[in-house]
Amino acid sequence: MDFKFSSRVPNVDNDVVGEILKVAGDPEIISFAGGLPAPELFPVKEMHEAADKVFEKHGAEALQYTAAIGNPHLRELIVERMQTNKEVTTTVDNVCITTGSEQSIDLVAKMMVDKGDVILVEKPTYLCALDVFRSYGAKVVGVDMDEEGMKMDALDEKLSEYPDTKFIYTIPNFQNPTGRTMTADRRAKMVELAEAHGVTILEDDPYGEIRYSGVAVPPVKHFDKNGTVVYMNTFSKILAPGMRLGWIVADKKFIDMFVVMKQSADLHSDNLSQFIVAQYMEDNDLDKHIKAISDVYYERASLMLKEIDEQFPAGVKHSNPEGGMFIWVEVPGNVNTMDLFNNCVKHNVAFVPGEPFYPDEVIPGTFRMNFSNMKADQIHEGVRRMAAAIDEMIN
């Protein structure tokens with residue numbers, strides 16, 4: 001059958017990332033390619049107990065359809081966390097539960113983007129967000145960043161160059177893929193610039209609570225007094241990705257339209273999962289659990305950085321994340337990262353090449369490494385293998 005797919009459907013014959021992850025999934029390969037949380041840290045026992053309580057107290061209600069905006073008690077708990085953990089004052093009417101952050105990205109793009117509209121993003125940025133934005137016909141424009149996040153002078157220039165920009169997409173905390181964190185001053189300036197140009201900010205904060213060094217910085221939403229920022233987060237990194245739950249915080253007018261769009265997408269996010277997460281949060285100290293995750297990730301990140309410094313060839317640069325799950329590496333010279341990836345695979349180790357993270361011009365020799373799902377022996381041996389492969393490419 002010759003299916004007449006729309007222009008939004010990607011070309012599966014050119015699915016570079018899919019092929020990379022398929023290769024990286026070989027059990028013989030030590031893979032730093034994925035972005036998986038450590039499964040041994042999932043609170044299996046506590047979630048089991050929470051699920052049992054839900055079935056005992058709310059079984060029929062939890063198995064029924066529910067409102068698209070989400071479980072009111074879970075939204076109340078999120079409002080409390082936004083206030084105490086994020087310094088963001090909001091109400092349940094400004095919160096909608098989503099099916100992970102991915103749905104938030106997709107629905108916001110669906111709501112706001114017409115073909116040819118401009119979206120400004122950090123360069124590089126989350127590859128799946130780029131795929132979503134392009135699927136709706138957006139012109140995605142990269143804004144330069146450094147170790148302190150998106151550069152505000154560069155953002156100001158792009159906003160002047162593209163006065164009809166629909167929104168700015170940013171990952172200010174432990175950014176994917178670079179691991180960098182935007183400073184508080186730049187966050188405040190971003191809001192100032194967005195308001196001056198009449199542009200919305202979409203703030204993606206999946207890693208913000210997984211901080212293991214440095215000083216916490218309030219989200220961009222903290223500096224927003226006029227509803228400019230649409231904030232999104234997820235339980236995937238701080239609890240368990242299999243629950244497929246996230247949330248969005250925005251102006252009431254935005255939330256009302258978002259809920260309408262969500263109803264046509266999935267009616268509502270998994271009702272049972274919402275009840276279970278709310279029960280877990282009632283019975284357990286989520287902050288203590290996040291601290292345990294952060295402690296383990298700190299050990300793994302520190303080890304990976306130490307091994308990179310000791311084993312990688314001279315001239316190789318890397319980011320120094322204070323949290324999150326990723327390290328960004330830059331190899332000197334005009335190295336083709338796909339060739340480097342293929343050479344690493346020959347050494348039975350893998351990463352994600354930098355190319356898919358760039359909205360426009362690609363910087364060669366860049367790639368992302370993940371440490372959250374790797375044990376110490378895998379990190380040591382995997383970096384050793386990568387060092388040998390990189391050395392063969394640049395020397």
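What we are looking at is a predicted model, in which local features need pLDDT of at least 70 and side-chain atom pairs count only at pLDDT 80 or more, while totals for chains, interfaces and linings use all residues. Residues are numbered from 1 along each chain as its sequence is written, and side-chain values use heavy atoms, with hydrogens and water left out.

Let me begin with strand β6, residues 167-170, where helices (H or I, at least four residues) and strands (E, at least two) are DSSP runs numbered from the N terminus. Two strands are said to pair if DSSP finds at least two bridges between them. Strand β3, residues 118-123, runs parallel to β6 and is joined to it by three bridges, with Leu-120 standing opposite Ile-168. β6 also pairs with β7 in the parallel sense, here over four bridges, and Ile-168 stands opposite Ile-201 of β7. From β6 the chain crosses through α7 to β7 in a right-handed β-α-β crossover, right-handed meaning that, with the strands pointing away from the viewer, the path from the first strand over the helix to the second runs clockwise.

Which way do the side chains of β6 point? Phe-167 and Tyr-169 point one way and Ile-168 and Thr-170 the other, and all are buried, a word used for under 20% relative accessible area, with exposed meaning over 50% and partly exposed anything in between (1.4 Å probe, protein chains only). In a regular strand the side chains alternate between the two faces of the sheet.

Phe-167 and Tyr-169 also belong, with Phe-133, to one aromatic cluster. Rings of Phe, Tyr and Trp (its six-membered ring) pair if their centres lie within 6.5 Å, and planes under 30 degrees apart count as stacked, over 60 as edge-to-face and the rest as tilted. The structure holds 11 aromatic pairs. In one of them, Tyr-212 and Tyr-298 have ring centres 5.7 Å apart and planes at 50°, so this pair is tilted. Tyr-212 lies in the loop between β7 and β8 and Tyr-298 in helix α10, so the pair ties together parts that are 86 residues apart in sequence. Tyr-212 is buried at 13% relative accessibility, whereas Tyr-298, at 42%, is partly exposed.

Turning to charged side chains, a salt bridge here is a side-chain nitrogen of Lys or Arg within 4 Å of a carboxyl oxygen of Asp or Glu. How many does the structure hold? There are 24 salt bridges, and one of them joins Glu-40 to Arg-300 at 2.6 Å, N to O. This pair links distant parts of the chain, 260 residues apart, with Glu-40 in the loop between β1 and α2 and Arg-300 in helix α10. Glu-40 is partly exposed at 43%, while Arg-300 is buried at 9%.

Within helix α2, Lys-45 and Glu-49 form a salt bridge with their closest N and O atoms 2.7 Å apart; the two are four residues apart, so about one helical turn separates them. Elsewhere, Arg-81, Glu-209 and Asp-287 are linked in a network of salt bridges.

Val-9, found in the segment before α1, is partly exposed at 41% relative accessibility.
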